[in-house]
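Biologist: Could you take me slowly through the place where the two chains meet, and tell me what each of them brings to it? I am new to reading structures, so please go step by step.

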Amino acid sequence: MSKQKFTEQQLEDQELITKFLKDTTLFLGPDPEIMRDHSIMPRTQNEADCLEKYTDLNQIASIRDRLQSACEEGFEMVEQMGAAPGAKWGDIITGIYSASGDLTVGSASGVLIFSALVHHPIKFIIKNWIEEKTVGVREGDGFIHNDSRYGNVHNTDQSMILPVFHEGQLVCWVASTVHEGENGAIEPGGMPSMAETSFDEGLKMSPFKVVENYEIKKDLLTFLQNSVREPKLQYEDMKVKLFACMRLEQRIKEVFATDGPDALTACLRQTNESVVTEVRRRISEWPDMTVRTHVIMDSTLRENVLMKMNLTLKKKGDRLIFNFEGSSPEITNRAINTQLPGMKGMVGQAFMNHIWPDLPRGQAGLSHIEFETTPGSFVDCSYSAPNSQSLMSIFQAFTVAQHATAKMLYSCPDKYTRVLAPWHNMINTFIWGGVNQHGETLGNLCADLNGMGGGARMDRDGEHSLAPIFATMADIGEQELNEEEVPFLQLVSKKMTTNTQAPGKYRGGMGYTQIAATKDSDQWGFMTTSVGSKTPTIQGLFGGYAAGTIPLCKVADVDVYDVMLTKPEQFKHSIPEIMNEQPFDNATYSTHHLGLGFDISKRGELYMISQGSGGGYGDLLERDPAMVIQDIEESLITADWARKLYKVVFNEDTLAVDEKATQQLRDDYREQRKKQGVPYDEFVKKYVKDTPPKDIPFYGSWNGENDMVYCGNNEKRDAKNPGPIYMTNPKDVSIAELEEELAQVREQAGLEVKDKRK
Amino acid sequence: MKVLMTEYLRIDLDTENWECRVCDHVIGEARDNYKKGLLVYNRDPADIHPSIIDPTKYKFTFCPDKDWVNIYEFYCPCCGTQMEVEYTLPGHEPLYDMEMDVDALKAQWSERDELLEPTTGPNVMVDRHSHNH
């Protein structure tokens with residue numbers, strides 16, 4: 001077939017149509033061309049020219065160090081001056097981007113995924129606003145953004161983006177992002193579990209200009225303040241981010257003065273390209289293989305269901321492909337879905353934090369890695385699905401990535417970090433809101449989400465409550481400082497929760513107990529937003545176990561502050577003591593899953609949770625008995641627990657280990673394993689089922705058949721096109737159950753059943 | 001030559017077999033699922049993660065719900081070492097977690113020296129007792 005030839009007239013017509021369509025676009029929604037591409041942009045002619053001009057790697061390295069230093073300075077500014085609790089504990093970042101929008105340098109501290117996703121809104125600005133006569137991009141402009149559908153984790157994080165010019169020429173971009181918390185959603189604190197549509201999630205800012213001539217536009221600022229519960233915070237942190245960006249701009253202009261803008265352009269491009277080259281080399285060193293893993297999610301935060309996060313990780317040559325087919329379809333009216341870039345960014349953090357932390361913290365580290373997902377799944381959700389609780393799904397993506405890569409890394413002669421078991425992956429903390437003791441309306445959360453237990457490593461235990469999976473260097477804050485602003489106390493905090501360890505030859509780092517009670521406000525409440533009260537959220541590694549599950553425990557109908565004044569001996573400092581001994585007269589004790597919707601609290605009522613443990617590594621029978629005893633001494637585990645699980649014989653008074661008896665007990669237990677274990681084929685025949693459990697709503701593929709996914713209620717759909725799934729409000733479910741029960745009772749009692757019509 | 005694949009598994013490139021690193025037991029063909037040569041046990045989650053609050057009083061107790069999650073343990077049939085643990089959906093088949101391209105592995109290690117112990121990567125721990133400033 002011959003190629004169709006167009007006449008000059010036809011080409012002119014086509015150009016006219018294209019211009020007409022561009023000029024009459026009714027809505028500039030998220031652009032798939034931008035949103036589905038995480039790789040660095042192609043080298044521009046200007047970048048090629050600059051690379052040819054500047055070839056001295058020492059000069060490139062020197063400029064990169066200065067840019068890194070500028071990012072650290074910007075980070076410090078935001079951390080010191082930011083008003084959001086997130087800013088104070090390091091839930092922030094600053095970054096420098098190429099003229100095309102690629103993140104090249106991010107601050108060493110902070111949350112890399114924030115910066116790593118801001119390239120999407122910058123590319124949106126480049127594509128749509130530079131030429132747009134009603135907007136434009138000029139020196140001194142600043143753009144604000146928070147909508148994950150244009151590139152973000154979730155809309156509680158807000159970014160400020162500034163272009164940097166040299167003599168009228170755009171050279172690069174700078175940005176600063178903060179987990180602000182409050183954003184005007186239906187629940188305070190910025191991460192509403194109750195959101196059933198994207199319109200319940202509060203401010204949804206596509207990238208727009210909010211700064212001109214380095215000044216925040218007051219009219220737009222007022223609109224934003226009027227849309228959130230913390231107007232002062234909104235203003236203060238917009239200013240802080242702007243000034244951090246201006247400092248970055250100042251440092252970049254100092255580079256212009258010493259080395260020239262072309263040298264800076266060469267530095268940015270050379271850095272990104274060399275990282276891509278190095279990543280390809282490192283991947284080539286891994287064995288060619290396919291690793292399969294999954295983790296289970298037990299909740300949508302509204303109801304308990306089983307959802308699967310499924311990963312097939314394939315490595316061949318210098319290609320590494322993350323395939324998430326078989327994962328749960330999106331739940332169209334639940335907030336736990338994620339936009340595709342959020343999931344990719346989280347996998348990127350697994351690499352930049354735990355696999356290749358020595359590489360420059362930019363976008364290029366992930367650029368070469370490939371992803372395969374099913375649009376409409378909960379890791380690649382539709383535009384209309386809410387995603388304010390995307391952490392629930394992207395953290396599971398982090399875990400399967402961490403688990404799978406560990407199995408590829410072990411054999412490699414060159415490693416850049418220890419092989420380690422999965423980190424704890426849930427934000428077990430209190431989100432809070434209401435009117436504080438000073439009469440101010442607040443909505444935010446406790447820094448304890450940063451206290452996740454670290455995974456055990458191939459040669460040592462995991463660290464306790466070390467850092468969140470999204471930032472290796474973050475803080476868990478000083479609750480005493482927070483208490484100046486919030487009307488509740490953490491009555492127990494930073495005390496490890498005994499017997500919640502993930503066992504192994506090396507155990508996971510453990511999490512701590514948090515017991516909070518409102519004190520000085522009648523208008524205050526808490527939320528908790530985690531999964532993992534029925535099923536563990538991580539896996540162990542190479543024979544190590546995951547940690548157990550974590551509930552929310554509540555004690556109502558008590559004022560514990562009165563108890564402390566009148567009967568202080570009744571107050572206990574651990575969850576088991578309070579829940580098992582029930583020391584408070586006439587109080588109501590209850591447990592719940594960790595998806596607590598916003599709950600108004602009364603003075604002195606207890607809300608009790610624990611951070612989780614990282615995964616264990618290796619066979620627990622190989623654990624050094626001395627390390628078991630040390631854990632007893634540190635109250636991490638009890639003697640009973642140690643004896644039962646680790647098979648260690650010791651004197652309970654002196655804690656002296658009987659080495660010989662321990663060896664015998666462990667040998668005996670290995671023999672017991674050989675008796676209780678059955679050959680693989682026999683096991684499959686006995687335990688493996690053709691379908692998921694019938695009485696539990698399940699979402700995802702079954703037994704590796706990834707072309708079909710279950711969508712709850714034993715319904716199977718085409719995995720490529722699962723369609724929307726809407727869940728009934730749990731309160732409506734309860735009401736329907738109660739109505740049915742009531743009708744039955746009335747019928748049994750011989751009472752008239754009111755109006756049977758459907 | 002043998003390649004150390006996990007804490008307890010290695011592949012003998014000459015015989016193309018999975019082997020136990022603890023007792024040298026030959027588990028099975030490296031081109032197949034090593035789990036097929038192991039013993040498997042369906043562990044009650046309560047054995048490993050016992051309730052720390054009273055299960056007769058409370059619904060959620062820090063102990064996983066065994067109707068919602070199973071723990072599959074995989075043992076070497078010769079020495080009883082626990083080589084792998086899998087938290088999974090009740091009734092789900094065990095995962096074929098490590099599917100090797102043995103030919104590629106052979107080619108890759110033809111240019112490397114055999115390692116008898118795994119490398120661990122750089123040590124980033126701070127020596128708290130040094131004064132090297």
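Modeller: In this predicted model, the contact draws 60 residues from chain B and 68 residues from chain A. On the side of chain B that touches chain A, five elements of chain B each supply at least two residues, namely the strands β1 (2-4), β5 (39-43), β7 (82-88) and β8 (98-100), together with the helix α2 (102-109). Of these, β7(B) gives the most to that side, with 5 residues. If we sort the side of chain B that touches chain A by class, we find 34 nonpolar, 13 polar and 13 charged residues.

For a contact inside one chain, we can turn to chain A, where helix α6 (residues 112-128) packs with helix α10 (residues 340-354) at an angle of about 135 degrees, with their axes 9 Å apart. Because angles over 145 degrees would count as roughly antiparallel and 65 to 115 as roughly perpendicular, α6(A) and α10(A) are oblique to each other. Their crossing is right-handed. Among the residues that meet there are A:L112, A:A116 and A:H120 in α6(A), and A:P341, A:G345 and A:M352 in α10(A). By class, the contact of α6(A) with α10(A) holds 7 nonpolar and 5 polar residues, and no charged residues.

Definitions and conventions. Residues are numbered from 1 along each chain as its sequence is written. Chains are lettered from A and ligands numbered from 1 in the order in which they are written. This is a predicted model: local features need pLDDT of at least 70, side-chain atom pairs count only at pLDDT 80 or more; totals for chains, interfaces and linings use all residues. Two residues are in contact if their C-beta atoms, placed from the backbone, lie within 7 Å. Helices (H or I, at least four residues) and strands (E, at least two) are DSSP runs, numbered from the N terminus. Ala, Val, Leu, Ile, Met, Phe, Trp, Tyr, Cys and Pro count as nonpolar, Asp, Glu, Lys and Arg as charged, and the others, Gly among them, as polar. Axes are lines fitted to C-alpha atoms, for helices over the stretch in contact, and angles run from 0 to 180 degrees between N-to-C directions. Angles under 35 degrees count as roughly parallel, over 145 as roughly antiparallel, 65 to 115 as roughly perpendicular and the rest as oblique. A crossing is left-handed if the near helix is turned anticlockwise from the far one by less than a right angle, and right-handed if clockwise.
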